[in-house]
Amino acid sequence: MPTKLSAAHRPAVRRWIVTGTAGLALLGAGLPAAADEDGPGLSRFYDQRIRWSVKACETAEGTERPEDLQCGKVTVPLDYAHPEAGTLELALARYRATGRSKGSVVLNFGGPGGSGVAELSYGIEDFMDLAEGYDVVSFDPRGVGRSSPVSCGDTGYETAVDLDGTDDALNDPRSVLRKLRKVAEECAAHSGPVLEHMGTVDVSRDLDVIRAALGDKKLDYLGFSYGTRLAAVYAAQFPDKVGRFVLDGVDTLTEPLTEQGIVGARGQQVALDAFIDWCVEDIACPFGQDARSAREDVVQLVRSLDEDPVPTQFDGPFSGQDLVGALGQALYSEDLWPSLERALASLLEDGDTRAIEAFAGGGIALPVRGEAGKTRESGKAGEEGEETGGALVDGEDVPLDNLPAALMAVNCADDPDRPTAEQITRDLARLRADYERASPVFGVYRLTQVLMCHGRPKGTDYIREQVKDVDTPKMLLVGTRGDPATPYRWTVETAKRLGSSAVVLDHRGEGHTGYGSSACVHRKVDDFLLYGSLPPDGSSCGPDRDR
C-alpha cells in the first residue's frame with residue numbers, strides 16, 4: 001500500500017509529487033536473470049549478521065518508539081557490479097515472535113519510497129497474528145528513510161510544482177522540458193551517488209543480503225502495492241531462495257509509465273465519484289446533496305485554488321494541485337472518507353487548510369529550507385580505494401521530500417521508455433487530452449508525474465523483459481476488484497506472466513489492497529504464511545472491515 005512516513009507525525013505542509021507512477025533516476029542496464037550471492041567481492045556482505053537492540057531505535061525517527069521494537073542495520077554494496085566502489089547501510093526494524101519463531105517474515109509496505117521501519121513501528125497491530133510464528137521485519141530500502149535518503153531540495157520541489165499549478169503550465173512544451181531538466185539536476189545534486197542505483201533490481205539484491213543476515217535459508221515475504229513488484233523481481237533473480245511469498249495489490253510488470261498514469265487517473269476518478277455519492281447522502285456534505293453538481297464543484301474548486309491558492313499556517317500557499325494530491329491519498333481507503341468530508345468542509349467553509357493538508361502526500365511535508373536544500377556529498381575514499389559515506393542518517397536528518405523523491409527515482413529506474421524532447425513536444429497536447437478524459441480532477445496531476453522521467457537515462461528493461469515464468473514455489477497474489485491504484489486486471493496479467501507459480505485470490509471489495517480490509521483475505525494470507533495452507537487458484541473473498 002502507499003506508505004506514510006512516520007515523518008507523517010510532522011506537519012504536512014504541501015504536496016510533493018507522490019503516488020505510484022512517476023520518478024527520477026539515473027539507472028541504465030538490467031541485471032542477469034539470476035543473481036549470484038557468491039559473485040566476486042560479495043561474500044563479506046552475505047556473511048554479516050544483524051545486531052538488534054532497542055536502543056538503536058531511539059534515533060530512527062526522532063520520536064518515541066514501542067518498547068518491544070528492535071532495530072539494526074545491514075551493509076550492502078552501492079553498486080553490485082563493483083562491490084569495492086562503496087557501501088550503504090540499510091535500516092531495519094523487527095518485532096520478535098510472541099511464540100515459537102519459524103524465522104522472519106519481511107514486509108514491504110509499498111510506495112516506492114516508503115519507510116518500512118516507520119510503518120512497522122506504528123502498524124504492528126495488523127500483523128500480530130503473524131508475530132505468533134515469525135519475527136516480523138521491515139526495512140528502509142536504499143535511498144529511503146535513514147538509508148542514504150535521496151532528495152530534490154527546495155528548488156526541485158518548487159520547479160515541479162510549477163509544472164501543474166495552472167491550466168497554462170503544460171501549454172509550452174519547451175518551457176516544460178527546461179523545467180524537467182532543472183528538476184533532474186536538483187535531484188542529482190541533493191541525492192549523491194545512491195541516485196544512480198535506486199532501481200528495484202538493486203533493492204531486490206539488498207533484500208537477499210537481508211535474508212542471509214537474518215539467518216534464513218529462504219525468504220518469507222509479504223509485499224503491498226510496489227512491494228509486489230519487488231517480490232516479482234526477487235523471484236526472478238533468486239528463485240531458489242523464495243519461501244512463502246504473498247503479493248497484495250499487485251503491480252504491473254509490463255505497462256509503460258504513460259499507460260500506468262492513465263490507469264491511475266481513471267482509478268482515482270472512480271474512487272472520487274464513489275466518495276461523492278457517499279458524501280451527498282450526508283446532510284453535512286460540503287458539496288450539497290446533488291452528486292452531479294458536487295462533481296462539478298470539485299473540478300471548479302481545484303481550478304479556483306490553482307488560480308488563487310489560499311494561505312496556510314506553514315510555508316507557502318495551498319493550491320489546487322495540493323488538493324488533488326490530498327484527495328488521491330485520502331481515497332485509498334473508505335475508512336478515511338468521514339475525515340476527508342470534514343477536512344473539505346473546513347476548507348470550503350472556513351478556509352482552514354490544516355485538516356486537508358494532513359492528507360497531502362500521505363503526510364509528507366515540504367522540505368524546510370536549509371534542511372532538504374543541502375547538497376549530499378559522495379563518500380570519501382576509504383582503504384584500498386573503497387568509498388565510504390553510506391552510513392545511516394538520524395531520523396531528524398531525513399529530508400522531508402524523501403518519499404516522493406525516492407518514488408520518482410525508483411519508478412523511472414524501472415522503466416526503459418524515454419520519449420525524446422521532440423516526441424514530448426509533438427504529443428503533449430494529445431497526452432493532456434487523454435489524461436483529462438481519464439479524470440478531469442487527477443489527469444494533469446498524473447501526467448506531470450509521468451513527464452518527470454524526461455531527461456534521465458533509460459531505466460532497466462530487466463523487469464519488462466525477464467521477470468516472467470519464474471521457477472519458484474507457489475506464491476499468493478491478492479487482487480482487489482475496486483482497487484483505485486492497482487486494478488484487478490494487473491493481478492490477472494502479472495499472475496499469467498509469472499506462470500504456474502502464481503495463485504490468485506480474488507478480493508471482491510474496495511480500496512487499495514485487501515489484507516487490512518477483509519477478514520477473509522487476512523486469514524488466508526496468514527494461513528499461507530504461517531502454515532503453508534494455500535487457497536485454490538481463483539478463490540474469492542468479500543470485503544469485511546470488522547475484523
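**Helix 6.** Twelve of its twelve residues are buried, so helix 6 is largely enclosed by the rest of the structure. I went through the residues by name: Y226, G227, T228, R229, L230, A231, A232, V233, Y234, A235, A236 and Q237 are buried. I then checked the length of the helix, which covers residues 226–237. From first C-alpha to last it reaches 17 Å, close to the 16 Å expected at 1.5 Å a residue.

**D248.** I next turned to D248, which belongs to strand 6 (residues 242–248). Leaving out residues up to four places away in sequence, I listed what D248 touches: G223, F224, S225, T228, V478, T513, G514 and Y515. T228 in that list is one of the buried residues of helix 6. For Y515 I also noted a polar atom pair: its backbone nitrogen lies 2.9 Å from a polar atom of the D248 side chain.

**Strand 3.** Which way do the side chains of strand 3 point? I found S104, V106 and N108 on one side and V105 and L107 on the other, and all are buried. In a regular strand the side chains alternate between the two faces of the sheet. Strand 3 takes in residues 104–108, and five of its five residues are buried, so I put it down as mostly covered.

I looked up the pairing of strand 3 on each side. Strand 4 (residues 135–139) runs parallel to strand 3 and is joined to it by four bridges. V105 has V136 of strand 4 as its bridge partner. Strand 5 (residues 219–224) also pairs with strand 3 in the parallel sense, over four bridges. Here I noted V106, whose bridge partner in strand 5 is Y221. Strand 3, helix 2 (residues 116–123) and strand 4 make a β-α-β unit, and I recorded its hand as right-handed.

**A93.** I located A93 in strand 2 (residues 87–95). A93 is buried, with a relative accessible area of 0%. Setting aside neighbours within four places in sequence, I found A93 in contact with W52, L69, Q70, C71, V117, L120, V136, V137 and S138. V136 in that list is the residue I had noted as the bridge partner of V105.

**M452.** I looked up M452 and found it in the loop between helix 14 (443–451) and helix 15 (462–466). Between the C-alpha atoms of M452 and M408 I noted 7.6 Å, for a separation of 44 residues in sequence.

**Confidence.** Last, I checked pLDDT. The chain has a mean of 84, and 82% of its residues reach 70 or more. I marked residues 1–33, where pLDDT stays under 50 and the model has 174 contacts beyond four places in sequence. I marked residues 361–388 as well: pLDDT stays under 50 there, with 77 such contacts in the model. Where pLDDT is low, the predicted coordinates should not be read in detail. I therefore leave the contacts in such stretches without detailed reading.

Technical notes: Residues are numbered from 1 along each chain as its sequence is written. This is a predicted model: local features need pLDDT of at least 70, side-chain atom pairs count only at pLDDT 80 or more; totals for chains, interfaces and linings use all residues. Side-chain values use heavy atoms; hydrogens and water are left out. Helices (H or I, at least four residues) and strands (E, at least two) are DSSP runs, numbered from the N terminus. The expected span of a helix is 1.5 Å times one less than its number of residues. Buried means under 20% relative accessible area, exposed over 50%, partly exposed in between (1.4 Å probe, protein chains only). Contact means heavy atoms within 4.5 Å. A polar contact is a pair of N or O atoms within 3.5 Å; within protein, one must be able to donate a hydrogen and the other to accept it, and residues adjacent in sequence count only if both atoms are side-chain atoms. Two strands pair if DSSP finds at least two bridges between them. A crossover is right-handed if, with the strands pointing away from the viewer, the path from the first strand over the helix to the second runs clockwise. pLDDT is the predictor's confidence in each residue, from 0 to 100.
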